[in-house]
Amino acid sequence: MARSLRVSEAVLSMDLTGKKYVVTGGTSGAGQGTVEFLAKRGAEVITSGRNLERGERNLSSLST
């Protein structure tokens, strides 16, 4: 599970639909948390990581 991110209340309610972000290290830690945070708010996220299996597992967890 991803670690918690410290985010202001104003950002928590933002709709990011139509926005695009690139996150490095998105398969674990803060990178994974950032990917989840952005995706759940409607953003399109491109990410990279060293472990393909973990990346695929993270992607499938976002799709459910």
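Trainee: In which element of the protein is confidence lowest, and in which is it highest?
Mentor: Confidence here is pLDDT, the predictor's own score for each residue, from 0 to 100. In this predicted model, helix α1 (residues 9-12) has the lowest mean, 84, whereas strand β1 (residues 20-23) has the highest, at 96; the protein as a whole averages 87, and 91% of the residues score at least 70. Helices (H or I, at least four residues) and strands (E, at least two) are DSSP runs numbered from the N terminus. Residues are numbered from 1 along each chain as its sequence is written. Local features need pLDDT of at least 70, side-chain atom pairs count only at 80 or more, totals for chains, interfaces and linings use all residues, and side-chain values use heavy atoms, without hydrogens or water.

Trainee: Is Glu9 buried or exposed?
Mentor: Buried means under 20% relative accessible area, exposed over 50%, and partly exposed in between (1.4 Å probe, protein chains only). Glu9, which lies in helix α1, is exposed because its relative accessible area is 65%. Glu9 and Ser63 are 54 residues apart in sequence and 25 Å apart in space, C-alpha to C-alpha.

Trainee: How far does helix α3 reach from its first C-alpha to its last?
Mentor: The expected span is 1.5 Å times one less than the number of residues. Helix α3 (residues 52-63), with 12 residues, reaches 17 Å, close to the expected 16 Å.

Trainee: Which element gives the most to the lining of the largest pocket?
Mentor: On a 1 Å grid over the protein atoms alone, a pocket is an open set of points with protein on both sides within 12 Å along at least five of seven lines, where a 1.4 Å probe fits, and lining residues have an atom within 4 Å of a point. Helix α3 gives the most, with 5 residues, and the lining includes Gly55, Glu56, Asn58, Leu59 and Leu62.
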